[in-house]
Each structure stands twice: as C-alpha cells, then as structure tokens.
Amino acid sequence: MTSQLPSPVGTSQPARAGGNLSHTFEMRSTSTPRGARLARRLAAHRLDIWGIPYGTGPHEEIVPVLGELTANAVQHGHVPSRDFHLLLDVTEPARAVRIEVTDTRTEHTPPDPADVRAPVGEDDSGRGLLLVAALATRWGWHLRSPGPGRTVWAEWAFTTTA
C-alpha cells in the first residue's frame, strides 16, 4: 500500500461572491538559499500568469519584497529540518496582493513597521525591511498560531490594473 503525500505546492482559484476571482499560491520550501530562490521564481511566474506581468510596476515591486521575506525566513528563521511556508494571494477586481512568509523561529522577531531604521555606518545588513516598507502598501508580522514561529506579511492595494 502506498500513501500519497500532499503536494508542497498548491494553487487555487476559488470563486468569490459576486463572481470575483481570487488566486492563491502556497508552498513549503526548504529553509535554504536555494529554497528561497525557488519560492521567489515560482511566485513571480504565478503573478505573471494571473495578469501581473513581468516588467510591470506592480510585478517589479512585489517580487523583490517576496524575495526579501523568503531570504529573511532562511537567514533569520532557519531551524534545522524545518521548512518555511509561503502564501501569495491576489484578489480581483480590487487588485489586492498579499504575501505571507512563515518560519518556525520565535526568539528573534522583526521590528514593528514604525521602528524600522536605516543601518548605521558601514553595516552590511539591515536594509531589507526598508525595501519592504518602501515598496509595500503596508506590512507587519505576528507570532504564528498555533505552534512556534512567526509570519511576516506585506500587502499592496492597486487602484489600476497592471
């Protein structure tokens, strides 16, 4: 007897009230630089398929933030043998986009959005959340419930189509 594990990558397009369409992409990925790159590339492709094409302003804002959040999950949230989880949700017709990246670490939490400051002097890190704050409509984080970990999220609200 063989058992089938659920796919680590899922996509859906559930209909919403009023005929609006929501696109959702979820995946678990290894907490490695390669896993972060793969998540970024798959999500970028998904955005293109969903009508936020490569080379457009919205795509060029969302993908770097997505890359930063997945890279942070690997760098600051890595726990051996634990994956990170990516959720990408696009709703229409309002053109709202939400990214959530969840890891399993809780002892190091990101600053609150109002507390993000530029690094001092020649620091070679600490600029990623400045990028997130500059490109996203809003962002934040919360502890994961249930279980250990945290989720960092970013949202965009576009008034026009891509």
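Two residues are in contact when they have heavy atoms within 4.5 Å of each other. The structure is a predicted model, in which local features need pLDDT of at least 70 and side-chain atom pairs count only at pLDDT 80 or more, while totals for chains, interfaces and linings use all residues. Residues are numbered from 1 along each chain as its sequence is written, and side-chain values use heavy atoms, with hydrogens and water left out.

Leaving aside its neighbours within four places in sequence, valine 97 is in contact with residues including Ile52, Ile62, Leu88, Ala154 and Trp156.

Strands (E, at least two residues) and helices (H or I, at least four) are DSSP runs, numbered from the N terminus. Strands pair if DSSP finds at least two bridges between them. Strand 3 (residues 83-91) is joined to strand 2 (residues 22-30) by nine bridges, and the two run antiparallel; here glutamate 26 stands opposite leucine 87. Strand 3 also pairs with strand 4 (residues 96-103) in the antiparallel sense, over seven bridges, with threonine 91 opposite alanine 96. Seven of the nine residues of strand 3 are buried, that is, under 20% relative accessible area with a 1.4 Å probe, protein chains only.

In helix 3 (residues 128-135), the buried residues are Gly128, Leu129 and Val132. They lie on the same side of helix 3 because they cover an arc of only 95° around the axis, taken from the directions from the helix axis to the C-beta atoms. These residues pack against helix 2 (57-77), strand 5 (138-143) and strand 6 (150-157).

Terms used
Buried means under 20% relative accessible area, exposed over 50%, partly exposed in between (1.4 Å probe, protein chains only).
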